[in-house]
Amino acid sequence: MYIVFEGIDGAGKSTQINMLKEWLEANGFRVETLVEPTDSEVGKLIRKILQRPDATTERLQKTLGLLFAADRMLIMDKLEDKSKIFISDRSFISSLAYQEPAEWIDVLNRYAKKPDLLILLDLDVKKSVARTSGEDTFENEEFLTGVKENYLKLVENYEHQIIDANNGVNKVSSDIKKAVAPYLGICPDCIL
Ligand code: TYD
């Protein structure tokens, strides 16, 4: 199973992924986590570009679309291992939410695997901006407002659960477990 976490910057994806991983392992599943952008050379280049003040311009967004798609291809083959649950911090759906134009991003990601379950951590944009460093050019209120709107439309195309990420860490974690349990045949009463 391929579970993808999406959400604007600062939504708590990495914390929640770790908590979900521990819980699934306690329930006897083998779990591997993935992160996009990766720590490959392409991922490093991406992180540099994200700090450029012009990162939101059309020219750089198109370039980033290509780089994110290339970076993603470096981990796609891992997903062929059927013995594990993969939980990914972002996917091509981030490209659809953050980059433009949509047709271009679709073509570039034709071979990216679709999630079996998409979990959108839905956070208020003001909270996101307060939680992030602002080091990346995407971490600003106007841009992230558009990204959040994009996400709410995009999720409709996939099997998904929207989780309110404005709550405390433990509440968010238990909401995620409740959302995931039915997909894995875990009994609802077994959720800690
Ligand atoms: P992020 O998950 O925030 O990494 P970190 O926690 O190290 O800052 O990802 C970096 C940024 O990249 C984030 O603003 C979202 C953006 N992004 C895209 O614009 N398109 C993509 O396809 C992906 C995977 C990420």
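Tutor: Gladly; we will look at helices, salt bridges and the ligand in turn.

Tutor: This is a predicted model, in which local features need pLDDT of at least 70 and side-chain atom pairs count only at pLDDT 80 or more, while totals for chains, interfaces and linings use all residues. Residues are numbered from 1 along each chain as its sequence is written, and side-chain values use heavy atoms, with hydrogens and water left out.

Student: Which residues of α1 are buried?

Tutor: Buried means under 20% relative accessible area, exposed over 50%, and partly exposed in between (1.4 Å probe, protein chains only). An α-helix has 3.6 residues a turn, so residues three or four places apart point the same way. In α1 the buried ones are Lys13, Gln16, Ile17, Leu20, Trp23 and Leu24. Viewed down the axis of α1, these buried residues fall within an arc of 130°, so they line one face of the helix. The arc is that of the directions from the helix axis to the C-beta atoms. Exposed Glu22 and Ala26 sit on the face of α1 turned away from its buried side.

Student: What covers the buried residues of α1?

Tutor: Here we look for contact, meaning heavy atoms within 4.5 Å. The cover includes strands β1 (2–6), β2 (31–35), β3 (85–89) and β4 (117–122), along with helix α8 (169–184).

Student: Which residues of helix α2 are buried?

Tutor: In α2, residues 41–50, they are Gly43, Ile46, Ile49 and Leu50. Down the axis of α2 they fall within an arc of 120°, so they too line one face of their helix. Exposed Glu41 and Lys48 are on the face turned away from that buried side, and α3 is included in what covers the buried residues of α2.

Student: How many salt bridges are there?

Tutor: Side chains of opposite charge can pair when their charged atoms come close. A salt bridge is a side-chain nitrogen of Lys or Arg within 4 Å of a carboxyl oxygen of Asp or Glu, and the count comes to 13. One of them joins lysine 84 to glutamate 32, with the closest N and O atoms 2.7 Å apart. Lysine 84 lies in the loop between α3 (58–76) and β3, and glutamate 32 in strand β2, so this pair ties together parts that are 52 residues apart in sequence. Lysine 84 counts as buried at 17% relative accessibility, and glutamate 32 counts as buried at 19%. Both belong to a network of salt bridges that links Glu32, Lys78, Asp81 and Lys84.

Student: How many residues surround the ligand?

Tutor: A residue is near a molecule if one of its heavy atoms lies within 4 Å of it. Here 13 residues surround the ligand, the closest being Asp9, Arg47, Arg90, Ser95 and Gln99. A polar side-chain atom of serine 95 is 2.5 Å from an oxygen atom of the ligand, and one of arginine 72 is 2.9 Å from a ligand oxygen.

Definitions and conventions: Helices (H or I, at least four residues) and strands (E, at least two) are DSSP runs, numbered from the N terminus. A polar contact is a pair of N or O atoms within 3.5 Å; within protein, one must be able to donate a hydrogen and the other to accept it, and residues adjacent in sequence count only if both atoms are side-chain atoms.
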